[in-house]
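Hi everyone, thanks for coming. Have a look at the structure on the screen, and I'll walk you through a few places in it.

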Amino acid sequence: MAITPLMPVYPRCGFRPVRGEGAYLVSDDGRRALDFASGIAVNLLGHGHPHLTKAIQDQAATLMHVSNLYGSPQGEAFAQRLVDNTFADTVFFTNSGAEAVECAIKTARVYHQSAGSDRFEIITFKQAFHGRTMATISASNQEKMHKGFLPLLEGFRYVEFDDLEGARAAITDKTAAFLVEPVQGEGGVRPASDAFLKGLRALADEHGILLILDEVQCGVARTGKLYAYEHYGITPDIVASAKGIGGGFPMGACLATETAARGMVVGTHGSTYGGNPLAMAAGQAVFDVILAEGFLENVTALGEKLTQALQQFIGNYPELFVKVRGKGLMLGLVMTHETRAFVAHLRDNHGLLTVAAGENTLRILPPLTIEQSHIDEFIEKLSAGAASYEMPAAA
Ligand SMILES: *Cc1c(COP(=O)(O)O)cnc(C)c1O
C-alpha cells in the first residue's frame, strides 16, 4: 500500500507541532518556532489563550451539540452580538469558510429567484480564493484547483481584481452578485483600492445586484477593524466570515442584511453542526477579547510598527524583496522570486513560521495578541534568514 492513511492532498513539511504557547509552536522533536502564520489567520489569540480555552472547556462540559431543530440561546446571543457590531441584520453559522461562502452564494441567488427573477450569475475576481467545495472552486479562476474536478458549477464570470471597468463590462441581465475579497489573501495579500470597492457598491446599487464580501481571511480584527469593509466606508449586503472567528475552533458565519436574506426562509438551508453551543462559546470568547477597549487600535498600531520595521529591513536586501503591502496584521512581503523555498528556509533553519501566497508573496499573519518583543524577534529571525539564504537559480 503506497497511499498514506492521511489522504495525501497536502505537501506537508517535517515540522510537526504538538503544543502551542502564545505566539510559539513546539514540534514533536522539540523545536520551538515563532508562529507568524497563525494556522493561516486562524489563531487570532495565539495558542492556549486562557479566556478562549476556559470558555471551550466549560461549554464542552455543559453542552456541546444540539440539533438546529431546537431553540438556541447560544446561537441567538452570538448572532445578536454580530448584528450589534456590523452591517448585518441576520447570521447563519457554518463550520468553515467555504461553507460561509456557499451560504453567501445561495443567499444571493435566492434573493433574486424568490422574487421571480432568473438572475444567477456571480462576478468574481482573478486570483481569488473562496474555498475548496465545488461552488467555491468554480468561483475562482485558478485552474490548478479545477484540474480533474470538471465540470464546474455554472454561473461564475471572472474579472481582473481591482478593475472596476472590467466589472462593469461583465454585468448582464443575469448578474446576481459581485463576490470579492476586500484584501485578497491566497492571491498575494492584495488590498482592493478604495475606488474599486466603492465603485462595486455603486454598480451593485445601480443594477439591482448584491455585493458579497469574502472576509474569511481579512475579517475579524485582522486588519485593525472588526471587518475590513469598514476601511472602505461601504456597506456590503452579505459577508462570509470564518478563520479567526473561532480563534482556532472550526466555525464560520454568513452575515446578511434583512433585504439580502429575504429568500432564506424555513427549509432553504441548513447545517447539522452549524452554530452549536461549543462553537458559539468559542466565538463569544474571541469577541470578548477583540471588542475590549483598545484592542483594535492596538492591532493597527502593531501593524504600523511591523510594516515600518519591514520597510526598513528590506532596504538591506533589494535582491530579495520588493515591497510590503497589506492592512493591520495581514501583511505581505513581495519577493523578487518564488517564495516557497524562503518560507521553508525560515521555518527549518531559523524557527520562524510564515506562509507563501500567490507567486511571490510571503504572508505575515501573527496572532493579534503579539507584543513589541515578538516583532523584534521576528525581524531578527527574518534578517538572519535573509543573510543566510541562497537564492535558487532563476527558473
Ligand atoms: C481560507 C479561505 C476560505 C475557505 O475557508 P475554509 O475554512 O478552508 O473552507 C475562503 N475564502 C477565503 C478568502 C479564505 O482565505
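Quick ground rules before that. This is a predicted model, so local features need pLDDT of at least 70 and side-chain atom pairs count only at pLDDT 80 or more, while totals for chains, interfaces and linings use all residues. Residues are numbered from 1 along each chain as its sequence is written, and side-chain values use heavy atoms, with hydrogens and water left out.

Okay, the layout. The protein is divided into domain 1, which is 17-41 plus 294-388, and domain 2, which is 51-290; those bounds come from an automatic or database domain assignment. The C-alpha centres of domain 1 and domain 2 lie 27 Å apart. How many residues of domain 1 are in contact with domain 2? It's 22 residues of domain 1, touching 24 residues of domain 2, where contact means heavy atoms within 4.5 Å.

Now the sheet. When I say helix or strand, I mean DSSP runs numbered from the N terminus: helices are H or I with at least four residues, strands are E with at least two. In general, strands of a sheet pair through backbone hydrogen bonds, either parallel or antiparallel.

Two helices to look at here. "Buried" means under 20% relative accessible area, "exposed" means over 50%, and "partly exposed" is in between, with a 1.4 Å probe and protein chains only. Just after α11, Gly-351 takes a positive phi of about 60°.

On to the rings. A search of the whole structure finds 12 aromatic pairs. Rings of Phe, Tyr and Trp (its six-membered ring) pair if their centres lie within 6.5 Å; planes under 30 degrees apart count as stacked, over 60 as edge-to-face, and the rest as tilted. One of the pairs is Phe-78 with Phe-93, which is stacked at 5.6 Å centre to centre and 10° between the planes. This pair links distant parts of the chain: Phe-78 is in helix α3 (residues 73-85) and Phe-93 is in strand β4 (residues 90-94), 15 residues apart. Both Phe-78 and Phe-93 are buried.

Why is the pair of Phe-313 and Tyr-317 tilted? The ring centres are 5.5 Å apart and the planes are at 45°, so it's tilted. Phe-313 is buried at 4% relative accessible area, and Tyr-317 counts as buried at 16%.

Most residues other than glycine have a negative phi, and most peptide bonds are trans. Where is Pro-151? Pro-151 is in the loop between α6 (143-146) and β6 (156-159), and a cis peptide bond joins Leu-150 to Pro-151, with omega about 0°. Val-189 has a positive phi, near 50°. Val-189 sits in the loop between β8 (183-184) and β9 (190-191). Is Val-189 buried or exposed? Val-189 is buried, with a relative accessible area of 0%. Finally, Lys-243 has a positive phi near 35°, and Lys-243 lies in the loop between β11 (238-241) and β12 (252-256).
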